[in-house]
Amino acid sequence: MIVVFAGFLVFLFCMYFIKNPYFTVKNIKIKRSKSLLITELSIGVIIFLYIIFAGHLGLVRFLLELIVVILFLLEMWLRVLAIESDFSLSSDEKVMLNKKAKKDFYSILPIFFIAICMFIFNYLKTLK
């Protein structure tokens, strides 16, 4: 039953990004690029797989955790590229939004580093 519920939530997660192809930075809507959309949908699928394999193989769970962290990091960097490729923005807006997106990206790097270390140390602890 939990798999059906988790699958339904992942389906809603994916449908939201397909229906809403914009993200906002400083109250300005920016169209998601195809690679950004694929990354966000991949995160939803991996979260679904993680829920299915949460109690099973430790290596599979560890790999899914690392892939999700890397995809979140990639998604934050792809926002910078999506701002640069959006032709509806003026050059002044692009500069301002790029600065904000890069600041957001660099401010979450320590969180990603801590999450990766947490997953690695947790996996090493389960090997003993």
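Which residues does Asn 98 touch, not counting residues up to four places away in sequence? I started my notebook with that one. The model I looked at is predicted.

**Entry 1: Asn 98**

I found Asn 98 in helix H4. Leaving out residues up to four places away in sequence, Asn 98 touches Val 80, Ile 83 and Glu 84. Asn 98 has a relative accessible area of 12%. The cut-off for buried is under 20%, so Asn 98 counts as buried.

**Entry 2: Lys 94**

I stayed in helix H4, where Lys 94 also has its place. Is Lys 94 buried or exposed? Lys 94 is buried, and its relative accessible area is 18%. I listed its contacts, leaving aside neighbours within four places in sequence. They are Ile 83, Glu 84, Asp 86 and Leu 89. I noted that Ile 83 is on the list for Lys 94 and on the list for Asn 98. Glu 84 is on the list for Lys 94 and on the one for Asn 98 as well.

**Entry 3: the whole chain**

Next I stepped back. I counted four helices and two strands in the chain. Along the sequence they follow the pattern α-β-β-α-α-α. I looked up the box filled by the C-alpha atoms. Taken along the principal axes, the box is roughly 55 × 30 × 20 Å.

How much of the chain is made up of buried residues? The chain has 128 residues, and 32% of them are buried.

**Entry 4: H2 against H3**

I turned to helix H2, residues 34-52, and helix H3, residues 58-85. Their axes come within 9 Å and cross at roughly 160 degrees. Angles over 145 degrees count as roughly antiparallel, so H2 and H3 are roughly antiparallel to each other. The crossing of H2 past H3 is left-handed.

I looked up who makes the contact. On the H2 side I noted Leu 36, Ile 43 and Tyr 50, among others. On the H3 side the residues include Leu 64, Phe 72, Leu 78 and Ala 82. By class, the contact of H2 with H3 has 13 nonpolar, three polar and five charged residues.

**Entry 5: H3 against H4**

At what angle do H3 and H4 pack? The angle is about 170 degrees, and the axes are 8 Å apart. H3 and H4 are therefore roughly antiparallel to each other. I wrote down the classes for this contact too. They are 22 nonpolar, two polar and five charged residues.

**Entry 6: the cores**

I looked for the largest nonpolar core. It has twelve residues, among them Phe 23, Ile 30, Leu 36, Leu 78 and Leu 97. Which elements give two or more residues to this core? They are strand S1 (22-25), strand S2 (28-31), H3 and helix H4 (91-127). H3 gives the most, with four residues.

I picked out Leu 36 from this core. Not counting residues up to four places away in sequence, Leu 36 touches Phe 23, Glu 75, Leu 78, Arg 79 and Ala 82. There is also a second, separate core of ten residues. Leu 66, Met 76, Phe 105 and Ile 108 are among them.

**Entry 7: Leu 66**

I followed up Leu 66, which lies in helix H3. Leu 66 is buried, with a relative accessible area of 18%. Beyond residues up to four places away in sequence, Leu 66 touches Ile 116 and Phe 119. I also took a distance from Leu 66 to Phe 11. They are 55 residues apart in sequence and 22 Å apart in space, C-alpha to C-alpha.

I found Gly 58 in helix H3. Gly 58 is partly exposed, at a relative accessible area of 28%. From Gly 58 to Phe 72 I went 14 residues along the sequence. In space their C-alpha atoms are 21 Å apart.

Is Ile 111 buried or exposed? Ile 111 has 55% relative accessibility and counts as exposed, because the cut-off for exposed is over 50%. The C-alpha atoms of Ile 111 and Lys 26 are separated by 22 Å. Along the chain these two are 85 residues apart.

Terms used
Residues numbered from 1 in each chain as written. Predicted model: local features only at pLDDT ≥ 70, side-chain atom pairs only at ≥ 80, totals over all residues. Heavy atoms only, no water. Axes fitted to C-alpha atoms, helices over the stretch in contact; angles between N-to-C directions. Parallel < 35°, antiparallel > 145°, perpendicular 65-115°, else oblique. Left-handed = near helix turned anticlockwise from the far one by under 90°. Contact = heavy atoms within 4.5 Å. Nonpolar A, V, L, I, M, F, W, Y, C, P; charged D, E, K, R; others polar. Core = buried A, V, L, I, M, F, W, Y, C linked by side-chain atoms within 4.5 Å. Buried < 20%, exposed > 50% of the residue type's maximum accessible area, 1.4 Å probe, protein only.
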